Number of protein chains: 2
Amino acid sequence: MKRVRLVIAYDGTDYCGWQIQPNGITVEEVLNKTIEKVTGESCCVIGASRTDSGVHARGNVAVFDTCSTIPPERMAHAINRKLPKDIVIRHSDEVEPSWHPRYQERILKRYSYHIWNAAWIDPLRSRYCAHVSFPLDIEKMEQGAGYLLGTHDFASFCNIHTQVRNTVRRIDEIRIQKAGSEITIQVCGNGFLYHMVRIIAGTLIRVGRGFYPPERVGEILEQKLRTEAGVTAPPEGLVLEEICYDSQEESGRIKKGR
Amino acid sequence: MKRVRLVIAYDGTDYCGWQIQPNGITVEEVLNKTIEKVTGESCCVIGASRTDSGVHARGNVAVFDTCSTIPPERMAHAINRKLPKDIVIRHSDEVEPSWHPRYQERILKRYSYHIWNAAWIDPLRSRYCAHVSFPLDIEKMEQGAGYLLGTHDFASFCNIHTQVRNTVRRIDEIRIQKAGSEITIQVCGNGFLYHMVRIIAGTLIRVGRGFYPPERVGEILEQKLRTEAGVTAPPEGLVLEEICYDSQEESGRIKKGR
């Protein structure tokens, strides 16, 4: 029995998120069924991040156990041949049988949030951007974002329907860039609460619009109340870009030639 | 009766092209039906460019005649409210009643063709890129493209199922750029034959792959035979970016305050 790790990209538009649920098709379900076709065994992938309905990924991570003779590094190719066009395995390798994509000490996650800021939204970007037609002040958004850097209790930036008790997280970097009509917010940190990136985006949009002064972001953080922050920005703007397991040991990769 | 001009963007993935046809839904059909809902009159738009099935646009142009009291410049907003998400009117204005979006002397059209050049295709770009997994030599593609600049008989770069007799066209600019894994070919000229941009893209891909030396593009042009050029590259990579009607008179716009 081997444990195979997959790095997965998907267009989440037509999926009810990652996690299997009775009311619609999910990425996890499609992966399980496709891997079952490839290996001939039943399959239950374990995902690193249970992205929400409509959220995209370029670097989600999952593992599954198999007795298949297909070499782990060829598994990506074998599965891709049978996947629908909107899910792609970017990479596959073997990891230690005990390696778990969620329970690792030094995980870093990087998300991007995309806003189309013009009167009309380009239909070639509308699957991947939230549309904000009123002007946004990027400099003020950057000032507001500055208050979120570092280790804080992000209770104000967490959906109330969460079972998580510890709402302390660390944000290492927030970058806001504009290219043409598209504004991209890049956020990197050691973990994110339920809806956290989308609530940050919704709050920074309020700052950019002039509804909140930038320093209000610091006050919201201190209040530790979800009702203080901006609305949750829509899912289509969000992309889980990357999950880094930063030490050699935690990355779990099995060295060749062992 | 007024003639209203529309500048239209669309994601062509789910349409059987522009022109109305019995076997599937088209952009022209959706526009007609939506404008009929807005104005309460029957509508037959006249398009500038009959894009193929699966081809996208950011700047196709169309006109329609109406007695509606909605001001022409507000028409974009009124129609957008009832259009599906994958079609957007970017702009609307009034033009002279005789102005026709195809029969103008000094039209310039700009297309972009997008290639995803890596082992795996990003599913967030697969609706808008052709996938080429083997390496492409951009410099050679640029050298090959150089032979196409200027006024030539482009018979070798025209689908044989065309009714056009005069296959002479002028290409003013071809630019090839790479950003990450995406290669973009920008082509600007005074008119394009049936499948011309996609055959140019297919031929330059052959050059980039090393199957054709760059000078072969000049030879293909001289032979004036479709069979000499590369295959027609797939539709999803093509975007009609812009149509310019370059003189004030030909642009047809009715000046305010007349």
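**Close-up views of a predicted two-chain model**

**View 1. Packing around helix H1 of chain B.** The buried residues of H1(B) pack against strand E1 (2-10), strand E3 (56-66), helix H2 (72-80) and strand E4 (87-95) of chain B. Helices (H or I, at least four residues) and strands (E, at least two) are DSSP runs, numbered from the N terminus; contact means heavy atoms within 4.5 Å. This is a predicted model, in which local features need pLDDT of at least 70, side-chain atom pairs count only at pLDDT 80 or more, and totals for chains, interfaces and linings use all residues. Residues are numbered from 1 along each chain as its sequence is written, chains are lettered from A and ligands numbered from 1 in the order in which they are written, and side-chain values use heavy atoms, with hydrogens and water left out.

**View 2. Helix H1 of chain B and its end.** H1(B) covers residues 27-39 and reaches 18 Å from its first C-alpha to its last, close to the 18 Å expected at 1.5 Å a residue (1.5 Å times one less than the number of residues). Of its 13 residues, 10 are buried (under 20% relative accessible area, 1.4 Å probe, protein chains only). Among them are Val27(B), Leu31(B), Ile35(B) and Val38(B). Just after H1(B), Gly40(B) has a positive phi of about 75°.

View 3. Chain A is superposed on chain B by a rotation of 180° with 0.0 Å of shift along its axis (RMSD 0.0 Å). That is the relation of a two-fold axis. The superposition is by least squares on the C-alpha atoms of residues with pLDDT of at least 70 in both copies. Arg125(A) comes closest to the rotation axis of the residues of chain A, at 4.9 Å (C-alpha).

Definitions and conventions: Buried < 20%, exposed > 50% of the residue type's maximum accessible area, 1.4 Å probe, protein only.
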